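Please keep the sequence and the coordinates open while reading.

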Amino acid sequence: MDILSSTLHQANSTTSGYFHTLLSLQASLDPFVTQLSWMEKLWASWYLYIGNDTFATGLLFFLTHEIFYFGRCLPWFIIQQIPYFDKWKIQPTKIPSNREQWECLKSVFKLHLLVEALPIWAFHPLCSKLQISVDIPFPSYKVMTLQVMFFFICEDQWHYWFHRLFHIGWFYKNIHKQHHRYAAPFGLAAEYAHPVEVMALGTGTVGFPILYAWVATKYTLLPSLHLFTVTLWVCLRLLQAVDSHSGYDFPWSLHYYFPLWAGSAHHDLHHHYFIGNYASSFSYMDYILDTESGPGAKSNRENKMKSKAEKKNI
Ligand SMILES: [Zn+2]
Ligand SMILES: [Zn+2]
């Protein structure tokens, strides 16, 4: 927090709590502070309140992960308790029991603490090295949107190939089988996986921002990366992962308006048939590489093969 440094730290030490810090900030740095958005003020106050950037980034990532993951699972859990929504359940005969979900929740939380805690705590030193900024103000909305879109596309590619690899013999048996415990998925099952899978697929989420930031240090034409953009991307990726495991497909689901979006219908078929639909966010990779899942895709493939064979015979 170079820009605000001493004045802000002074404000933090003489007051307690976020709101007092915020008021001190506004009073001491007006008009710069008053031009900031509420999110920028909240961001700055968080770092000032914690007082240690490494700890602040680590705690921010850990809490964001827990709040967005479990917070997004909660509405899906409530929906499962209300029979009215059953008509939109993709596999209506398979409603997960509360006990099953409780076991899943405990396992996922344990995994978060064991596997994901260390990389999260080590993230800030890496950010400093790669010049990922934590300062305010944030970059423009345009830059942040383009960067997040880029991460969505790259992660989808990574996920497709690693997921496909995880369905090959040894990898499936020893690693990916755990994630396929639930043939009819539910939100909490999104991160129910072997630690090796969590690390491998998680690399697709955090690896590309790291790679981008590294490239941006070499090529100054590329807009630099802000940690808020990374946080935003991680939140959206978490929402995507939980929603694709929800087990529900509503008439207002995103893929009906944006056909490239995979959504729950796409990933539910993968869990149902244990094959195909390997991508995470988008459906085009499975379409192009002919790895779509489900009876419809299977009969399309069979028809294609049949017509190919007939053409050969002619
Ligand atoms: Zn799979
Ligand atoms: Zn899954």
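Ile 90 lies in the loop between H4 and H5. The model is a predicted one, and what is said here about this residue and the others should be read with that in mind. Ile 90 is partly exposed, because 18 other C-beta atoms lie within 10 Å, whereas a residue counts as buried if 20 or more do so. Leaving out residues up to four places away in sequence, Ile 90 touches Gly 247, Tyr 248, Asp 249, Ser 264, Ala 265 and Asp 268. The C-alpha atoms of Ile 90 and Phe 250 are separated by 9.4 Å, although these two residues are 160 residues apart along the chain.

## The chain as a whole

The secondary structure of the protein chain consists of 14 helices and zero strands. Of the 314 residues in the chain, 31% are buried. Among contacts with a separation of 6 or more, 65% are between residues 24 or more positions apart.

## Two helices, H4 and H10

H4, which covers residues 53-80, has 28 residues and reaches 40 Å from its first C-alpha to its last, close to the 40 Å expected at 1.5 Å a residue. Its buried residues are Ala 56, Thr 57, Gly 58, Leu 60, Phe 61, Tyr 69, Arg 72, Cys 73, Trp 76 and Gln 80, and what covers them includes H3, H5 (98-121), H6 and H10.

H10, in turn, has 18 residues and reaches 26 Å from its first C-alpha to its last, again with a value close to that expected at 1.5 Å a residue, 26 Å. In H10 the buried residues are Leu 227, Phe 228, Thr 229, Val 230, Trp 233, Arg 237, Leu 238, Gln 240, Ala 241, Val 242 and Ser 244. The cover over these buried residues of H10 includes H3 (38-50), H4, H6 (123-129), H7, H9 and H12 (263-273).

How do H7 and H10 pack, and at what angle? H7 (residues 141-165) and H10 (residues 227-244) pack at an angle of about 45°, with their axes 10 Å apart, and the two helices are therefore oblique to each other. H7 passes H10 in a right-handed crossing. On the H7 side the contact is formed by Met 144, Gln 147, Val 148, Phe 151 and Glu 155, which meet Thr 229, Leu 232, Trp 233, Leu 236 and Arg 237 in H10. By class, the residues of this contact divide into six nonpolar, two polar and two charged.

H7 also packs with H9, at an angle of about 140° and with the axes 9 Å apart, and this crossing is right-handed. Here Gln 147, Phe 151, Cys 154, Glu 155, Trp 158, His 159 and Phe 162 in H7 meet Ala 200, Leu 201, Gly 204, Thr 205, Phe 208, Pro 209 and Tyr 212 in H9. The contact of H7 with H9 has nine nonpolar, four polar and one charged residues.

H9 (residues 195-218) also holds Val 198. Val 198 is buried, because 20 other C-beta atoms lie within 10 Å. Leaving aside neighbours within four places in sequence, Val 198 is in contact with Leu 111, Val 115, Glu 191 and Ala 193. The C-alpha atoms of Val 198 and Leu 111 are separated by 8.8 Å, and the two residues are 87 residues apart along the chain.

## Backbone features in the loops

The peptide bond from Ile 136 to Pro 137 is cis, with omega near 0°, and Pro 137 is found in the loop between H6 and H7.

| Residue | Phi | Loop | C-beta atoms within 10 Å |
|---|---|---|---|
| Asn 277 | about 50° | between H12 and H13 (284-288) | 27 |

Conventions. Residues numbered from 1 in each chain as written. Chains lettered and ligands numbered in written order. Predicted model: local features only at pLDDT ≥ 70, side-chain atom pairs only at ≥ 80, totals over all residues. Axes fitted to C-alpha atoms, helices over the stretch in contact; angles between N-to-C directions. Helix = DSSP H or I, 4+ residues; strand = E, 2+ residues; numbered from the N terminus. Parallel < 35°, antiparallel > 145°, perpendicular 65-115°, else oblique. Left-handed = near helix turned anticlockwise from the far one by under 90°. Contact = placed C-beta atoms within 7 Å. Nonpolar A, V, L, I, M, F, W, Y, C, P; charged D, E, K, R; others polar. Buried ≥ 20, exposed ≤ 12 C-beta atoms within 10 Å, placed from the backbone. Expected span 1.5 Å × (residues − 1).
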